[in-house]
Amino acid sequence: IYLDSMFTVYKLKDERFPLSDTEINNVAYRYYKYYKDDADKYDEALKAFARAYKNPNEVINNNLVAYMDIVRRSYLKNKNITDDQTFDIYAQITEIIEDRVEQGADAAKFIQYKNIVDQMLTGITPVDCSFIETKLYPELKKNPTNVKLAKRIFQLSLTAKCSDSDFYMEAVEVVHNAEPTAGLAGIIGRKKLVSEQYPEAIKYLQEAISLEKDKAKKAEMTLYLAKAYALSGEKGKARNEAIKAGELDQSVIEGAYNLIATMYMGSFEDCKQNVSQVADRSVFFAAYDAYKKAGNTKGMESAKAQFPTKTEIFELNLEEGASIKVGCWINVTSTIRIRPTE
């Protein structure tokens, strides 16, 4: 009954004494609260919200999701907003949300706001990889220090499942360079690993490990670092990191010792001296031990198949079960074993 009167009072006051920021925000929110289902009022509501957003620092929390919802409703019912206008408003809203998180506001609450706003955007216009690449990425290329835009590309790329794209990784690197975190360093390090950029992968994975506080996540990153060293040919460092990973968290022991065993298995040609079959094949004893620690029975069988024969051991006057020093880079003590008879 009194809605028209309420808005009339605000209008009359504004003509005589300009409304305060709080009152301007209240007008916008009341358009949303009372008229969000009335398509005839959407133009007025959009103007009210646009005015409130002229002073971003004073926008009330209630008007973050509310503005995007009015945009969504107006777009779907009245078709009076373009894709570019929609995204400009989305950018305004997300920038305020990100600023408030940076200023120490309730991060969980504002991340929830951001997720809702993201979902509304995708309900208005398809935010796919092509959209990000053509609408947002060119702006980041022009201004590669625009951290807020980089964050937007990063978040939308995850929503649109574009994490294998170049623009996603560029955005991640821009954000990480400005605000280093273990998570972002890990993302970059793993991507560099897949791309076979091993020195870069090692650099970022080491950074991720140094920044990470959670032991389980640190163990996971340490195992990735071990893989990077292994693929770059630094087997000794790879083994050291794999062992560290297992010591940090039991959940990665299987992966750690499987990696070590695989390196041992692949070292036969590099380490053999062609003097003694038993000495040369001792790498497979070490591999067997590592597979055993990993709980990998199939791997143990593969190692067994490469053991020296009973005759080769007998000819060297050695005994099954005796200790043997495995040379080369491996440099561990193992046990002499005989290849199973076929």
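How many residues does helix α6 have, and how far does α6 reach from its first C-alpha to its last? Helix α6 (residues 107–124) has 18 residues and reaches 26 Å. That is close to the 26 Å expected at 1.5 Å a residue (1.5 Å times one less than the number of residues).

The model is predicted: local features need pLDDT of at least 70, side-chain atom pairs count only at pLDDT 80 or more, and totals for chains, interfaces and linings use all residues. Residues are numbered from 1 along each chain as its sequence is written, and side-chain values use heavy atoms, without hydrogens and water.

Start with the whole protein. Its secondary structure comes to 19 helices and two strands (DSSP runs numbered from the N terminus: H or I of at least four residues, E of at least two). The radius of gyration is 31 Å, well over the 20 Å that the globule rule gives for 342 residues, so the protein is more spread out than a compact globule. That radius is taken over C-alpha atoms, and the rule is 2.2 Å times the number of residues to the power 0.38. The C-alpha trace spans about 110 × 35 × 35 Å along its principal axes.

Now return to α6. Its buried residues are F110, Y113, K114, V117, D118, M120, L121 and I124 (buried is under 20% relative accessible area, exposed over 50%, partly exposed in between; 1.4 Å probe, protein chains only). Seen down the axis of α6, they fall within an arc of 165 degrees, so they line one face of the helix. The arc uses directions from the helix axis to the C-beta atoms. The face turned away from this buried side carries the exposed residues A108 and Q119.
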